[in-house]
Structure formats: C-alpha cells, structure tokens
Amino acid sequence: MQPSAPPFDERLAAPRSWWLIAFGIGVACALMFLPLGALPMLGGLVAGTAAACVAVSSYGSARIRVVAGALVAGDARIPLEALGDAEVLDGEEARAWRSYKADPRAFMLLRSYIPTAVRVKVTDPQDPTPYVYLSTREPQALVAALAPVAA
C-alpha cells in the first residue's frame, strides 16, 4: 500500500485592502447617483459595493489542493503521477518565473499579492505543459504534500 500525500488545501483569498477598495467603488457609485436623490444614491452604494465585492470574492476564490491522488489548482486537475520535482520559489525567484523566465505553455495560477510560489515540473510526455506555477502562502507545505510523488 502506498503512503498517501499529506493533505493540503489553501484558498488564495484577496487581501483586506481589496475589500476596502470594493467599498470605495460602492461609494463612487453612490456619488454618481447623488444628483438623482437619496434613494438612488443608496441604491448605487448597495449595488456598487455588492458588485465590487462579488468581483473580489470570485478572484480570491481560487484554491490549491492535493486530494485523491491529484493536484487541483483552480480549474486544473493533474494526477500526481504526472508531476515531477517541486521547487519552492522565494519572492525574487517567483517574480522571475512569472515574468522573463516564464514559458508560455506553462499552467500558472498566480496572484500578484502572494510573493511566494511553487514550481512543479510536469513529467507526462503527452502533456505539452512544461511546469505548473502556483502562488501559495505556504510553499513548504505544498512541496511536502507533493514530496511522496517525487520519491
């Protein structure tokens, strides 16, 4: 019987400052309706804030999981057998891999507000994707969850 990978589950939630910006967008919408009266202004505040909050929430709802023999990152589901070595990327190296070192064929689940990342090689010969780049706040835990695969 093979040992199972340690569980890993992370939601790439947006930072708190983005929620304040969403409220600011609601205030801007309210000010656009100010000449029409108090009730339209209140409606603009509610609708603008709600729409901005939905956008922030959906962008920050991306998840990275290692479950049931697969790495699930956003919409991608990659069997652990198709993955090679995982490498922790610090802030400077992560910035390099998402800019000038990046391969256009790579799968990237990146969030600019998360400075660290993990790069996992894809070893499946039928998959043209050379590697998977994942922004994560817990890179060591993700690498540990993928370590039994590389061994």
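This is a predicted model: local features need pLDDT of at least 70, side-chain atom pairs count only at pLDDT 80 or more; totals for chains, interfaces and linings use all residues.
## A bridge in the sheet

Residues are numbered from 1 along each chain as its sequence is written, and side-chain values use heavy atoms, with hydrogens and water left out.

Strand 7 (residues 117–122) and strand 8 (residues 131–135) run antiparallel and are joined by five bridges. Helices (H or I, at least four residues) and strands (E, at least two) are DSSP runs, numbered from the N terminus. Step back, and you'll see four strands in an open sheet, ordered 5-7-8-6, with mixed pairing. Strand 5 (83–89) and strand 6 (107–109) are the edge strands, each pairing on one side only; to pair, two strands need at least two DSSP bridges between them.

## Helix 2 and its two sides

Helix 2 covers residues 38–59, 22 residues in all, and spans 32 Å from first C-alpha to last, close to the expected 32 Å at 1.5 Å a residue. That expected span is 1.5 Å times one less than the number of residues.

Which residues of helix 2 are buried? They are Gly44, Gly48, Thr49, Ala52 and Val56. Looking down the axis of helix 2, the buried residues fall within an arc of 115°, so they line one face of the helix; the arc is that of the directions from the helix axis to the C-beta atoms. On the other side of helix 2, Leu39, Val46 and Val54 are exposed. Buried here means under 20% relative accessible area, exposed means over 50%, and partly exposed is in between (1.4 Å probe, protein chains only).

## Rings that meet

There are four aromatic pairs by the rule used here: rings of Phe, Tyr and Trp (its six-membered ring) pair if their centres lie within 6.5 Å, with planes under 30 degrees apart counting as stacked, over 60 as edge-to-face and the rest as tilted. The rings of Tyr59 and Tyr113 sit 6.3 Å apart at their centres with planes at 65°, so this pair is edge-to-face. Tyr59 is in helix 2 and Tyr113 in the loop between strand 6 and strand 7, 54 residues apart. Tyr59 is partly exposed at 33% relative accessible area, whereas Tyr113 is buried at 17%. Ring pairs also bring in Trp18, linking Trp18, Tyr59 and Tyr113 into a cluster.
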